[in-house]
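Here are my notes for you, as numbered points. Please keep the model open while you read, and follow along residue by residue.

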Amino acid sequence: MASISLLDVSIAIICLVLFRCLFFKKRKDHAFRSWPVLGMIPGFLLELHRIYDFGVEIFETADLTFLFTGPWFTGMDMLFTVDPANIHYILSSNFSNYTKGADFKEVFDVFGEMIFSSDAELWKNQRKAAQYMLNHQGFQKLSMSTTRRKLYDGLVPLFDQCCEEEKVVDLQEVFKRFTFDTTFFLVTGCDPKSLSIEMPEVEYAKALDDLGEGIFYRHIKPKFLWKLQNLFGLGQEKRMTEADATFDRVSAKYISAKREEIRSKGIDHHQSDGESEDLLSSHIKLDTTKYELLKPSEDKFLRDTILAFNLAGRDTMASALSWFLWLLSQNPQVVTKIRKEIIDKSISKTGSNVLENLDKLVYLHAALYESMRLYPPVVFQRKSPIKADLLPSGHKVDANSVIIIYLYGLGRMTAVWGEDATEFKPERWISGTGGLRHSPSFKFLSFNAGPRTCPGKQLAMTLMKTVVVEILQNYDIKVIKGQKIEPESGLMLHMKHGLRVTITKRCSA
Ligand code: HEM
């Protein structure tokens, strides 16, 4: 993390020195001991550089659930779990007792009152509206045409130029820009054109990066510390405040332009034409008799909505595509099988049937799921019980305590996925009859489970398959040797140092 403030570094160093001086013994034994006053923070800080794999090791030995104790009086205690029985119970069978909670709203304050942070009736209204809009045929057509336009006007020309100039390119950055432009267009009807060979900086996209990083650090710092930093405008908190202001300013521009566009076209409010309509238009025209708690006349509601859908679409798909392409580079036999499937299922390189036929690509679907099992774009889920409860694992949880479901760990547990849990094997998703093997969502949690299951799953899978088919049909991707590929600590699972590749055109293309 390039952007840790002086205060963060000082705190970390003090903890480390204390830890080293007081308890200078075999590190592994003590890594997650709870020390007087400091709780488990010292061990945590020592392992922060490899926190993902460390988490996996802890769960393997802790029977899938363990209590993290923070420093005294900081309210940082959290129950971590990757136990499918607990997950099913929290996200589905006892859903009504497990909310995002007041603490979530404080940590995620920049989100405002969007679908990700809301509970109860407000969430039900937002959920109903989101599902209706995302499933609308007109919106689905728009998402297909937008994906294809960005592919042929943005990604393909960029790839071709990289081929001609034998240029090294960061594929993760390319996917981030591809999914940002696509998502932003679906949300606002405008293309920010961040995907081009010049890679211009787009302030809204940068603000999304700063937000993700800031929220992650709010999870691992005592509340009083980040609040203090926020008050004095220091480090990540300063960038969070700036990001918040960027979301306000940029959204205001799009909201007033969209209101004006709707007014000038003379389209009746509550009269959504549905055909090729972006999400901002649909939200402005929301029928408030159906969604009583939503406030389309208020700019704040629309600002939170724009942010919610950009958050939902951009980083998730960029992360999934980046890790997928990296896994393919390590598993050429999987590439061969996907290419064969594309030929066998007669998916043409261009033309309208590409999208219609995507459903036939079972092996590609399996490979994408397998990649998201090992590298889930959303790393963790945070829940809070309204009433004290007993989890199926036998752990008691207090009212308003914090429970973290660690998706990265869940996908790698041998107790859940078998001895080959850490191996990339798309075949585990293929049934005996050659169809897709179902895996319960509380085991494969990448798109969440229960009533809050991701409503954009279908859209995301279609977009990702479209991109992958285009790339594998036309290009060979070579990952530059010697670079370190490791996950970056954050809300979303990005690669810390990106994914540098060279691209060549396939002879048969
Ligand atoms: C690979 C792509 C995607 C993945 C892995 C993914 C994953 C998830 C996950 C894990 C959640 C639960 C988050 C939480 O409650 O903390 C979620 C919720 C949600 N996702 Fe997705 N998502 C993806 C793409 C999309 C897209 C493209 C959209 C729409 C443009 C979308 C819309 C939403 C919405 C609106 C919610 C909130 C649902 C609720 O709370 O009821 N997602 N997604």
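1. Disulfides come to zero in this structure, a disulfide being a pair of cysteine sulfur atoms within 2.5 Å. Cys-162 is in none, and its nearest cysteine sulfur, that of Cys-163, lies 7.1 Å away. Seen from Cys-163, the closest cysteine sulfur is the one in Cys-162, and 7.1 Å is too far for a bond.

2. Both of these cysteines are tucked away: Cys-162 is buried at a relative accessible area of 1%, and Cys-163 is buried at 16%. Here buried means under 20% relative accessible area, exposed means over 50%, and partly exposed is in between (1.4 Å probe, protein chains only).

3. A word on what you are looking at: this is a predicted model, in which local features need pLDDT of at least 70 and side-chain atom pairs count only at pLDDT 80 or more, while totals for chains, interfaces and linings use all residues. Residues are numbered from 1 along each chain as its sequence is written, and side-chain values use heavy atoms, with hydrogens and water left out.

4. Which protein donor does the iron atom of the ligand have? The only one is Cys-454, through SG at 2.3 Å. Donors are N, O and S atoms within 2.8 Å of the metal (3.2 Å for Na, K and Ca); water is not among the atoms, so sites may look incomplete. Cys-454 sits in the loop between α19 (414-417) and α20 (457-474). Helices (H or I, at least four residues) and strands (E, at least two) are DSSP runs, numbered from the N terminus.

5. Do look at strand β8 (residues 402-406): five of its five residues are buried, so the strand is largely enclosed by the rest of the structure. Val-402, Ile-404 and Tyr-406 point one way from β8, whereas Ile-403 and Ile-405 point the other way.

6. β8 has partners, too, where pairing needs at least two bridges found by DSSP between two strands. Strand β2 (residues 78-81) pairs with β8 in the parallel sense over four bridges, and Leu-79 stands opposite Ile-403. Strand β5 (residues 380-385) runs antiparallel to β8, joined by four bridges; Arg-382 has Ile-404 as its bridge partner there.

7. Finally, the surface: Leu-234, in the loop between α11 (223-232) and α12 (235-265), is partly exposed, with a relative accessible area of 37%.
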